[in-house]
Amino acid sequence: MSSLARVAVTACLLLSCAAGAQAQDARAALGRRIDSLKIEFDRQLAEQRQLDSMRAGRARAIATDTMTAGPFIVIDTVPAEVAQVAAAIAERWREYEPMVGAAAARIAGSIVTWRLPAAYVAPRGTTVHQFAPFMHGDRFEHAADFVIRSALAEVLPGDVRAWLHGAGLQLRGGMDWAYRDLATSNSVAAQQCFDDAIAACISALGLADAGRSWEAWYTPEQLRHDVRRRGLGPGRAAACIDARDDTACLEVVRAYGGPYPPLTGAVRGTLLAHALELGGAGSFARLLEDAASVGERLERAAGQPLPQIVSSWRARVQEGRPDMHAGVATAGAWTLAWLALLALLAMRSTRWRLG
Amino acid sequence: VKRRALEMLRLQWLSAKWLLLPLVLICVGLPQAVVRFSVRATHGTEQPIVAATLLEALDVTSTLFPYLAGITGALIALAAWNWDHRTHHVYALSLPVSRPGYALLKLATGAVILLIPVLALLIGAWIATAMVPLPDGLRAYPFAFAARFLLAALLVYATVFALAAGTIRTTLVVVVGVVLLLIVGGIAAPFLETQYLIDLTTPIEMIGRAPGPLRVFAGSWLMIDV
């Protein structure tokens with residue numbers, strides 16, 4: 001063996017020893033790291049248990065009274081308020097119960113509170129709903145209704161929530177606003193829907209594909225108007241508006257994530273409410289069942305094909321057209337009464353006596 | 001009575017005719033200006049008109065009309081008493097008519113005079129809405145609009161008329177009393193609500209909703225709507 005070969009063999013032996021030593025070091029370091037993580041995990045677990053115990057204790061200490069109302073648990077510091085809130089919720093729940101059906105189990109145990117101190121921390125995994133009777137008139141009924149709708153909205157499937165565009169679950173009324181939206185929408189689909197084209201209604205409500213360029217929703221001219229309304233600066237927006245370049249309009253609309261839907265989430269909500277009403281008992285539970293699309297969910301909830309649901313919904317929206325003369329007539333009657341009172345006051349002047 | 005009413009009407013006309021001229025011009029012109037401005041501001045020369053955009057613009061510009069109604073009613077009421085105040089009620093005292101009868105006659109004839117600017121507004125609104133090609137889904141409501149204007153103007157007219165019929169002292173007492181009630185009530189009602197868990201309405205809310213006197217001002221003042 002030449003001296004060069006000996007040097008090479010020695011170097012290889014040294015390197016392999018070093019590699020082995022390095023691997024051993026790495027294994028030891030990894031072991032130490034795992035041990036330290038386990039300690040950290042145990043510490044965190046102990047802290048979490050302590051925190052949960054504190055939460056439960058605090059909840060028991062602060063909440064002086066609780067009451068069950070439907071699937072909800074009302075917790076408050078003032079017993080009289082607990083009774084008031086529970087009565088209001090139980091009253092409203094009676095109307096919702098048949099529609100919600102078995103899905104009530106999904107919201108069971110939700111906490112409702114009115115004036116619980118900020119220090120109160122609910123047990124983990126429990127939803128707390130704020131009872132807020134700030135409105136005048138039948139304010140308790142409104143607040144109870146809001147709590148129930150909020151709880152139901154939370155268990156809605158993700159696709160339905162996305163379809164509603166952040167609008168809450170509105171199960172009563174709203175048809176006058178739906179009419180206003182439908183009558184004034186700058187969308188060819190909504191305009192055709194207004195003229196009784198059910199397929200256009202389905203498209204305008206976001207239950208059918210709008211197309212790559214949203215051609216089922218908007219004409220190029222309507223998209224241009226949308227770009228103009230958003231007040232976008234020079235560049236492609238200017239080409240869209242001033243040079244009337246339809247491609248530029250599409251590019252601008254794509255850049256800001258697509259156009260606004262022809263009908264708002266609140267209007268879509270009126271369709272959902274209509275489908276639930278058509279479906280009657282258990283319709284809400286059926287809405288939550290697995291389905292491929294929102295349209296299919298609505299069909300299951302209502303127990304009818306989608307065109308039929310949309311057709312009857314459209315008829316109800318048309319009925320909801322606000323009566324522009326009604327306000328004047330009501331105001332007129334009261335104004336005449338006030339005029340009579342003011343005339344009486346005018347007749348009792350003192351000027352003549354005092355000169 | 002008919003002769004006296006006609007005589008009173010002639011006097012009211014003489015007292016208010018120069019005031020009516022600018023009022024009539026404004027009442028004819030403002031609806032047209034508002035509609036044209038709303039269309040121009042939102043659409044320029046672009047056609048067709050987009051319903052939602054036009055309504056949004058009209059919603060903003062139509063806030064001028066409650067003020068116009070208030071000003072019209074107040075001016076006609078002041079004009080009705082102006083002559084009496086300047087001549088220290090000598091003419092009225094010389095008439096063989098009771099004080100309540102005189103005030104009632106004056107109130108009624110003043111209301112007739114008030115119809116002139118209201119009619120001018122109706123004509124203005126009718127022209128304004130007829131000149132714009134309305135998109136499907138929108139309708140013109142010139143009569144409902146003019147009716148609301150009439151009611152609002154009548155209410156202000158009757159209020160100012162009643163205040164002007166009394167002495168300055170009475171007027172001051174009434175005005176200060178109402179303002180104090182609004183302020184105190186506005187503070188006290190929410191306080192009592194939270195303290196005693198009772199449902200209260202503030203005086204401002206009370207007068208702004210039925211059966212409150214200002215209900216007519218709170219509704220829609222749009223000439224064009226769905």
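This is a selection-by-selection tour of a predicted model, going from chain B to the interface and then into chain A.

**Chain B, whole**

Followed along the sequence, the elements of chain B come in the order α-α-α-α-α-β-α-α-α-α-β.

**Helix 7 of chain B**

Next, select residues 168-196 of chain B, which make up helix 7. Show side chains for B:I168, B:L172, B:V176, B:L180 and B:V184. These five residues form a nonpolar patch on the surface, and their accessible area together is about 480 Å². B:V184, one of the patch residues, has its place in helix 7 of chain B.

**The interface of chains A and B**

Now bring chain A into view and select the residues of each chain that touch the other. On the chain A side there are 40 residues in contact, and on the chain B side 59. The two chains bury about 4,200 Å² between them. Of that buried area, 64% is on carbon and sulfur atoms.

How many salt bridges does the rule find across this interface? The count for chain A with chain B is one. To see a salt bridge between the chains, select A:R180 and B:D225; their closest N and O atoms are 2.7 Å apart. Over all chains, the same rule gives 18 salt bridges.

**Helix 2 of chain A**

For a pair inside one chain, select A:R92 and A:E95. They form a salt bridge, with 2.8 Å between the closest N and O atoms. Both residues belong to helix 2 of chain A, residues 79-100. They are three residues apart, about one turn of the helix. Side chains of opposite charge can pair when their charged atoms come close.

**Helices 12 and 14 of chain A**

Finish with residues 265-279 and 294-302 of chain A, which are helix 12 and helix 14. Their axes are 7 Å apart and the helices pack at an angle of about 35°. From helix 12, the contact is made by A:L271, A:L272, A:A275, A:L276, A:L278 and A:G279; from helix 14, A:L298, A:A301 and A:A302 take part. Colouring this contact by residue class gives eight nonpolar residues, one polar and no charged ones.

Notes. Residues numbered from 1 in each chain as written. Chains lettered and ligands numbered in written order. Predicted model: local features only at pLDDT ≥ 70, side-chain atom pairs only at ≥ 80, totals over all residues. Heavy atoms only, no water. Patch = residues over 30% accessible without salt bridge, like charges linked within 9 Å, V, L, I, M, F, W, Y side chains within 5 Å. Areas by Shrake-Rupley, 256 points an atom, 1.4 Å probe, with all protein chains shown as cover. Salt bridge = Lys/Arg side-chain N within 4 Å of Asp/Glu carboxyl O. Helix = DSSP H or I, 4+ residues; strand = E, 2+ residues; numbered from the N terminus. Axes fitted to C-alpha atoms, helices over the stretch in contact; angles between N-to-C directions. Contact = heavy atoms within 4.5 Å. Nonpolar A, V, L, I, M, F, W, Y, C, P; charged D, E, K, R; others polar. Buried area = accessible area lost by both parts, 1.4 Å probe.
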